[in-house]
Amino acid sequence: IKRYPALTSGVSCRDNACEFYTQADVRRIVRFAKSRNITVVPEIEMPAHATAALRAYPQLGCGSAGVICPRESAVAFLENVLVEVMRLFPSRYIHVGGDEAPVSTERYLMPRIEAFLHAHGRAMVGWDDILGSGVSRKAVIMAWNGERRAIAAISAGHDVVMVPDGPLYFDAYQGARSQEPPATQHMATLEEVYSYDPTPDGLSGEQRSHILGAEAALWTEKIASPNRLFAMALPRAIALSEIAWTPPAQKSWRSFLSRLPAQLAWLRANGYSFRTPSPMIDVIGRRMRFQSMPGNVSGAIALTDQSAATVRLNEPLKGVEIRYTLDGTAPTARSALYGSPLNLRLDRGSQTVTAAAFDARGEVSESSSVVVKRLAPSAFKRTNGSRAWGSIVSP
């Protein structure tokens with residue numbers, strides 16, 4: 001921001017890294033996006049999460065840490081910032097955050113900022129925390145605090161973008177934490193993303209028209225490189241596109257998995273990094289029950305009262321080798337190569353199959369595992385569980 005040069009003079013730091021976009025950077029990004037029919041919507045966070053601004057201009061603060069003070073000088077500062085932002089971004093929408101701030105501060109600032117944006121021909125977007133702050137129904141609400149907040153926004157006449165903190169937060173783990181680099185402490189597996197319905201139940205047709213679409217959030221505090229960024233986004237973003245554009249009645253997880261290999265092949269051919277899906281395990285037996293494995297979303301327990309079971313392995317990414325172990329250890333490049341279904345004898349009570357995908361470049365997927373246990377018929381009758389491994393574990 002040219003009017004406030006101190007904003008980028010060593011205060012935009014986190015974990016000893018100081019980074020910011022120049023206005024030339026922004027123009028290049030906006031131009032690149034426009035060539036691909038994408039509109040970039042800027043988010044200038046206010047009044048909370050403003051630590052960098054308060055480091056540069058501490059007179060803007062009072063009371064709550066990281067929150068801009070509700071006073072006229074702060075309004076003038078924010079308006080001056082937005083003037084330059086609007087020159088850089090032709091987007092109709094300007095996102096102003098508004099989350100996790102004191103209610104009194106939001107009530108003072110948010111209506112003022114909304115009126116300022118309207119006077120410049122723009123529409124305001126804010127997180128669902130701004131509900132009740134006095135903004136008009138013209139403000140677009142990003143619903144991140146669950147469907148209840150989305151329904152409240154729609155009932156108040158707002159348009160809404162669904163971005164729930166859970167299935168559509170792509171900074172979350174997508175497999176077993178023990179196998180992944182650091183991520184946000186919740187879970188959003190590929191199947192959980194695909195299974196999400198962005199339209200809450202119980203809405204009328206007119207109310208449904210207020211849902212503009214769905215969005216995934218990918219916060220980057222724990223993402224150390226561009227390759228890791230793409231691995232967090234892909235292939236979950238492919239699932240996101242389908243839930244946003246495909247009527248729920250036409251969605252099929254099995255169909256999605258059958259079409260995924262072609263998408264992954266395209267990504268690989270065009271040089272994109274992505275998370276290599278874990279092998280999928282299909283346990284075949286006359287009578288089976290499946291239970292989740294505590295602390296491991298990449299594994300499951302299969303229970304049966306039969307003396308044998310067959311395990312079939314497959315992988316959504318083509319052109320890779322599946323290697324497996326039967327002793328509970330993680331597969332290596334020297335482990336047994338899968339070629340045909342495994343016939344397991346359960347004379348000793350249980351067998352563990354652990355599988356991983358290896359490609360020609362040395363990349364390895366996270367491993368999937370299943371523990372197949374034989375129970376006495378009386379114990380098996382008392383067992384609850386799913387009838388499918390795939391309903392518990394996502395690739």
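In this predicted model, the buried residues of helix α5 pack against β6 (140-143), β7 (160-162), α7 (205-208) and β10 (211-214). Helix α5 spans residues 147-155, and its buried residues are A150, A153 and I154. These three residues lie on the same side of α5, because they cover an arc of only 95° around the axis. An α-helix has 3.6 residues a turn, so residues three or four places apart point the same way. The exposed residues R148 and S155 sit on the face of α5 turned away from its buried side. G157 follows α5 and has a positive phi, near 95°.

The side chain of R149 meets that of D128 at 3.8 Å, N to O. This pair links distant parts of the chain, 21 residues apart: R149 belongs to helix α5, D128 to the loop between β5 (123-127) and β6. D128 counts as buried, because its relative accessibility is 0%.

The structure holds 14 salt bridges in total. In another of these, R268 pairs with D359, with the closest N and O atoms 3.0 Å apart. R268 lies in helix α10 and D359 in the loop between β18 (350-358) and β19 (368-374), so the bridge ties together parts that are 91 residues apart in sequence. R268 is partly exposed, at a relative accessible area of 22%. D359 is buried, at 11%.

A further salt bridge joins D305 to R287, and here the closest N and O atoms are 2.1 Å apart. D305 is placed in the loop between β13 (296-304) and β14 (308-314), and R287 in the loop between β11 and β12 (289-293), so parts 18 residues apart in sequence are tied together. D305 is buried, with a relative accessible area of 10%. R287 is partly exposed, at 38% relative accessibility. Salt bridges with shared partners also join R268, D359, R361 and E363 into one network.

The count of disulfides comes to 1. This disulfide joins C62 to C69, with an S to S distance of 2.0 Å. The link of C62 and C69 is right-handed, with 80° about the S-S bond. C62 is partly exposed, at 34% relative accessibility. C69 is buried, with a relative accessible area of 6%.

On the surface, F230, W266 and Y272 form a nonpolar patch, and their accessible area together is about 310 Å². Y272 is found in the loop between α10 (253-269) and β11 (280-284). Its relative accessibility is 35%, so Y272 counts as partly exposed.

Definitions and conventions. Residues numbered from 1 in each chain as written. Predicted model: local features only at pLDDT ≥ 70, side-chain atom pairs only at ≥ 80, totals over all residues. Heavy atoms only, no water. Patch = residues over 30% accessible without salt bridge, like charges linked within 9 Å, V, L, I, M, F, W, Y side chains within 5 Å. Areas by Shrake-Rupley, 256 points an atom, 1.4 Å probe, with all protein chains shown as cover. Salt bridge = Lys/Arg side-chain N within 4 Å of Asp/Glu carboxyl O. Helix = DSSP H or I, 4+ residues; strand = E, 2+ residues; numbered from the N terminus. Buried < 20%, exposed > 50% of the residue type's maximum accessible area, 1.4 Å probe, protein only. Arc of directions from axis to C-beta. Contact = heavy atoms within 4.5 Å. Disulfide = S-S within 2.5 Å.
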